Amino acid sequence: MATRTLTMIKPDAVENQNAGKIIAHLEGEGFAIVAARKLRLTTDQARTFYAVHKERPFYNDLVAYMTSGPIWAMLLERDDAVPHLRRTMGATNPADADEGTIRAQFGESIERNAIHGSDSDENAANEGAFFFSASELLIV
């Protein structure tokens with residue numbers, strides 16, 4: 001059954017001109033792009049989006065990084081979207097990511113790892129709603 005997930009191409013990948021390659025990789029994995037937006041997160045937006053990590057020691061660095069340049073936020077759709085995207089992205093640390101995954105190809109470090117993906121269907125719905133209103137979503 002087709003489900004949706006949220007992904008963000010992070011500032012390092014945009015800066016390194018890898019966004020198009022990552023999008024092509026996602027489409028090659030069978031994802032349909034339901035909605036997409038290029039933007040630069042404000043500090044308030046990044047703090048809100050990553051509030052789940054507020055008590056973690058890396059929180060402030062994560063907020064600073066995610067506001068350091070533009071990102072691509074995209075809502076993707078395919079069968080088993082969340083687990084398939086997680087496999088397609090690879091391990092959080094690119095050094096541990098399987099060959100052929102997005103993070104192995106385009107990630108620089110555990111902090112600058114090219115892409116974000118929702119970790120559950122519930123978070124995918126919440127994260128998708130953070131970036132896109134229902135009226136912006138295409139029916140595919």
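**Close-up views of a predicted model**

**View 1. An aromatic cluster brings five rings together.** Phe49, Tyr50, Phe130, Phe131 and Phe132 make up one aromatic cluster in this predicted model. Across the structure there are 5 aromatic pairs. In one of them, the ring centres of Phe49 and Phe130 lie 5.2 Å apart with the planes at 65°, so this pair counts as edge-to-face. It connects distant parts of the chain, since Phe49 belongs to helix 3 (residues 43–49) and Phe130 to helix 7, 81 residues apart. Phe49 is buried, at a relative accessible area of 11%, whereas Phe130 is partly exposed, at 31%. Phe131 and Phe132 pair in a tilted arrangement, with 6.4 Å from centre to centre and 50° between the planes. Both of these residues are buried.

View 2. Look along helix 5 (residues 81–89) and you will find Ala81, Val82, His84, Leu85, Thr88 and Met89 as its buried residues. They lie on the same side of the helix because they cover an arc of only 165° around the axis. Their cover includes strand 1 (2–9), strand 3 (71–79) and strand 4 (115–117), along with helix 2 (19–28), helix 6 (102–106) and helix 7 (121–131). Just after helix 5 comes Gly90, with a positive phi of about 90°.

View 3. Strand 1 and strand 3 are paired in the antiparallel sense, over 8 bridges. Here Ala2 is the residue opposite Asp79 of strand 3.

**View 4. Thr67 is a buried loop residue.** This threonine, Thr67, sits in the loop between helix 4 (59–66) and strand 3. Thr67 has a relative accessible area of 14%, so it counts as buried. Its side chain reaches the backbone oxygen of Ala64 at 3.1 Å. Leaving aside residues up to four places away in sequence, Thr67 touches Arg40, Leu41, Thr42, Thr43 and Ala46.

**View 5. A charged end sits over a ring.** Here the pair to find is Arg78 and Phe31: the charged end of Arg78 sits over the ring of Phe31, at 5.6 Å from the ring centre.

Definitions and conventions:
Residues are numbered from 1 along each chain as its sequence is written. This is a predicted model: local features need pLDDT of at least 70, side-chain atom pairs count only at pLDDT 80 or more; totals for chains, interfaces and linings use all residues. Side-chain values use heavy atoms; hydrogens and water are left out. Buried means under 20% relative accessible area, exposed over 50%, partly exposed in between (1.4 Å probe, protein chains only). Helices (H or I, at least four residues) and strands (E, at least two) are DSSP runs, numbered from the N terminus. The arc is that of the directions from the helix axis to the C-beta atoms. Contact means heavy atoms within 4.5 Å. A polar contact is a pair of N or O atoms within 3.5 Å; within protein, one must be able to donate a hydrogen and the other to accept it, and residues adjacent in sequence count only if both atoms are side-chain atoms. Two strands pair if DSSP finds at least two bridges between them. Rings of Phe, Tyr and Trp (its six-membered ring) pair if their centres lie within 6.5 Å; planes under 30 degrees apart count as stacked, over 60 as edge-to-face and the rest as tilted. A charge sits over a ring if NZ of Lys or CZ of Arg is within 6 Å of the ring centre and within 35 degrees of the ring normal.
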